[in-house]
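This report considers how the two chains of a model are built and how they meet. Please examine the sequence and the structure before reading on.

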Amino acid sequence: MEELLNILNEMHPDVDFATEEHLIDNMILDSLDIVSLIAEISDVFDVTITARDIVPANFNSAKALYALIEKLDNEA
Amino acid sequence: MFFTSYEFFGFLTVLFLVYYLLPKRCQQPLLLAASYVFYAAAGLSGLLYILATTVTVYFAGLRIGDNLKRQSAYLKARKAELDKEQKRAYKESQMHVRRRWLVGCLLLNLAILAVVKYANFFIANVNSILSAFGGGGELSFLSLALPLGISFYTFQSIGYLIDVYRGTAPAEKNLMRFALFVSFFPQLIQGPISRYGDLSETLCQPHAFTSRQFCFGLQRMLWGYFKKLVVADRVLAAVSTITGDQMTGGYVLAGMVLYTLELYADFTGGIDIAIGVAEALGITVQENFHRPYFSKSLKEYWRRWHISMCSWFRDYLFYPLSTSKPMQRFTRFARKRFGEKVGRRMPVYIATFVVWFATGVWHGANWNFIVWGLCNFAVLMISEELEPLYSRFHQRFAVGGQSWYKFFRVGRTFLLICVLNLFDCYPTLSGTFGAFASIFTAGNWSVLWDGSLLSIGLSALDYGILAIGTAVMLGVSLVQRSGGVREKIAAKPYPVRFVLWYGLFLAVLLAGAYGVGYDASQFIYNQF
C-alpha cells in the first residue's frame, strides 16, 4: 500500500490519498493520470490492469486501487 | 421529421396520448413502433441500416453472452479437476472465440458507417491525387444518402457489444428490448450516446403517468425550443452571411463568437428537447452537458461538452489503446530509447492523438474536422506539458483562487473554443486559415462598433433578442450551479410559475426565428 501511495503522491503531491475517497468523482485523477498510473503500477506490482478494470469504483480511492491490484495479483 | 416540425408535434401528441392510455405492457412495443415511424419519416432506406445494426449486434451480443456463461459453467463444474494453468488456457481459448464475434461485428458495422459516410470523401481524395499526377479515369462518387443519426446509433450499439464482451453488461435476450435501446427516437439523431446499463432499465420499465414528471418533461422541451428557435436559428443567418460572403477581419471575429453561441444553443437545445421528450414518457436519459462555457481550460471543456461522446471515446478507444499489450511493450521500448519521462508519456500521447483523430473523423467526412481534432490534440498536449510551469506560476503569484483570474481563464478558454469552431464554419482548410489570418490582417475591427454588423442579416431588434436570450441562458446556468432550475421554479407560488413558464412559451412563439416562408433549420448535430 505504501508503494502505491508513493506513486500517487508523486503524481499529485497536494492530495491526501490516504483519506480521499472520490478521486474520480471529484475529478482529481483524469484519464491521462490514470494511464500513467497504470503504467507505473504495471512496473512496480507486475500486474496488468486492462480497460475493463478502469471503472470509478476501482480508482476512487487508494484503498480500492490497492484491492484491485491484490485481486489481479491473485488471479495471475 | 425534425424536432422543430409541425409533424413532430402531431406525432408526439398522438404518442403521449396512446402511451399513457394503453395498458403498460404495450408501452415498449409502442415506443419501438413510434421510433421506427420517426426514423422512416426521414427515408425508408435508413430503416434498413438501423435494422442491420440492430440485428447483427444483437446476435453477436447473444453469442458472446452465451460463451461467457458456458465458460463460467465449465470452470465451475471442473473447479477441482483443473489446475491454474489449465484454467487460464481454457479462458484464453474462449476469449478468442468471443473476440472473433466482437471484431467481426465491429468491422461489419464500422464498414457500413465508413461506406455511407466516408466513401465519397475517400473518392474525392483519390481523385485529387490522380489529377495531381495528371492521371485520368477519375472514380465516380457513390449516391448514398447518409442515414439519419448513423454515427450515434452505431456508437451506442458498439458500446453495448464491448460492454457484453467485457462482462460489464449482460447480453440482452429480448430482441425488441434491444431494438428499442438502439432506436429510441428522442436520442436517435443527435444523442446522447447512452450506455446499455444506464438506459435499458428505465426504457423497459412500465411507466405510470405522473403530472409532475410529464410537466417537467414539457418544461425541458420548452427550454430547448427557446434555445433553438429564439437564439440558435436567429444567429444562423448572420453566421451564414459572414462565411458565405467570405467576409474578413472583424466580421470573422464576430462570426466565430456568434457561431459558438449558435452551436451551444442549437446542440444543448436539441439535447434538452430529447431529454424532455424522454422525461415526459417517464424515461431518464443521461445529461450531455455540464455548463461547458464555464470551463477554465480546454481539458475541462471536453469533460463538460458532449459528455456522452467524450466518455465513449475515453472508455472504448483511449483506455483500451493506452493499456493494450502492444502499447505497454512500446512504452518499455520508449523508456529505454527516449528516457524515463518521455517514454512514460508515450502511451498518453499516442492514444490521445488517435482519439482526437477519430473524434475529428466522427464529426464528418472533411479535412476541416480532422484538422480540428488534431488542433484540439495539440492544445491539450501543450497544456499538459506546460502544467508544471502553470503550477510554479500559481505558487509564485497565488492568483489561482482569485475571481478575476478565474474569469480570465474562462474567457481565455471561451476564445480558444471560438477559434477552434472556425473549422466548423468553413468548408475548406484554406477558407478556415484565410478567415483566421484576416482577423489580424484585414484591419477592419471597427465593423464591430460602427454599425456594419447590422448588415449581416441581423437587425437591432435581433441583437436585442439575442442579448436577452444569452443573458437568460447565462442566468439559468448560474442558477443550475446550486441545483435543478425546474425544481426551484416548482417550489415558487403559482403566479411566479405562471409568469415564468408562460413567459418562456410566449418568447418562443413571438421571438422564435420564424415567419412567412421560414423553415426551421435542422440541428447542426443531425448531420453527424
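The model is predicted. Chain A holds 4 helices and 0 strands, and its elements run α-α-α-α from the N terminus on. The radius of gyration of chain A is 11 Å, close to the 11 Å that the globule rule gives for 76 residues, so chain A is as compact as a globular protein of that length. Further values for this chain are set out below.

| Property of chain A | Value |
|---|---|
| Span of the C-alpha trace along its principal axes | about 35 × 25 × 20 Å |
| Share of the 76 residues that count as buried | 26% |
| Share of contacts with a separation of 6 or more that join residues 24 or more positions apart | 61% |

Between the chains, 13 residues of chain A are in contact with 16 residues of chain B. On the side of chain A that touches chain B, 8 residues are nonpolar, 4 are polar and 1 is charged.

The largest nonpolar core comprises 124 residues, of which Leu102(B), Leu161(B), Phe181(B), Val235(B) and Val277(B) touch the most other members. Helix H9 (residues 250-280) of chain B gives the most to this core, with 19 residues. Why does this core lie between domain 1 and domain 2 of chain B? Domain 1 (6-19 + 26-129 + 147-195) and domain 2 (215-520) both give residues to the core, so it lies between them.

Leu161(B) also illustrates contacts beyond its sequence neighbours. Leaving aside those within four places in sequence, Leu161(B) is in contact with Val57(B), Ala60(B), Gly61(B), Leu102(B), Cys105(B) and Leu106(B).

Technical notes
Residues numbered from 1 in each chain as written. Chains lettered and ligands numbered in written order. Predicted model: local features only at pLDDT ≥ 70, side-chain atom pairs only at ≥ 80, totals over all residues. Contact = placed C-beta atoms within 7 Å. Nonpolar A, V, L, I, M, F, W, Y, C, P; charged D, E, K, R; others polar. Core = buried A, V, L, I, M, F, W, Y, C linked by C-beta atoms within 7 Å. Buried ≥ 20, exposed ≤ 12 C-beta atoms within 10 Å, placed from the backbone. Helix = DSSP H or I, 4+ residues; strand = E, 2+ residues; numbered from the N terminus. Domains from an automatic or database assignment. Rg over C-alpha atoms; globule rule 2.2 N^0.38 Å.
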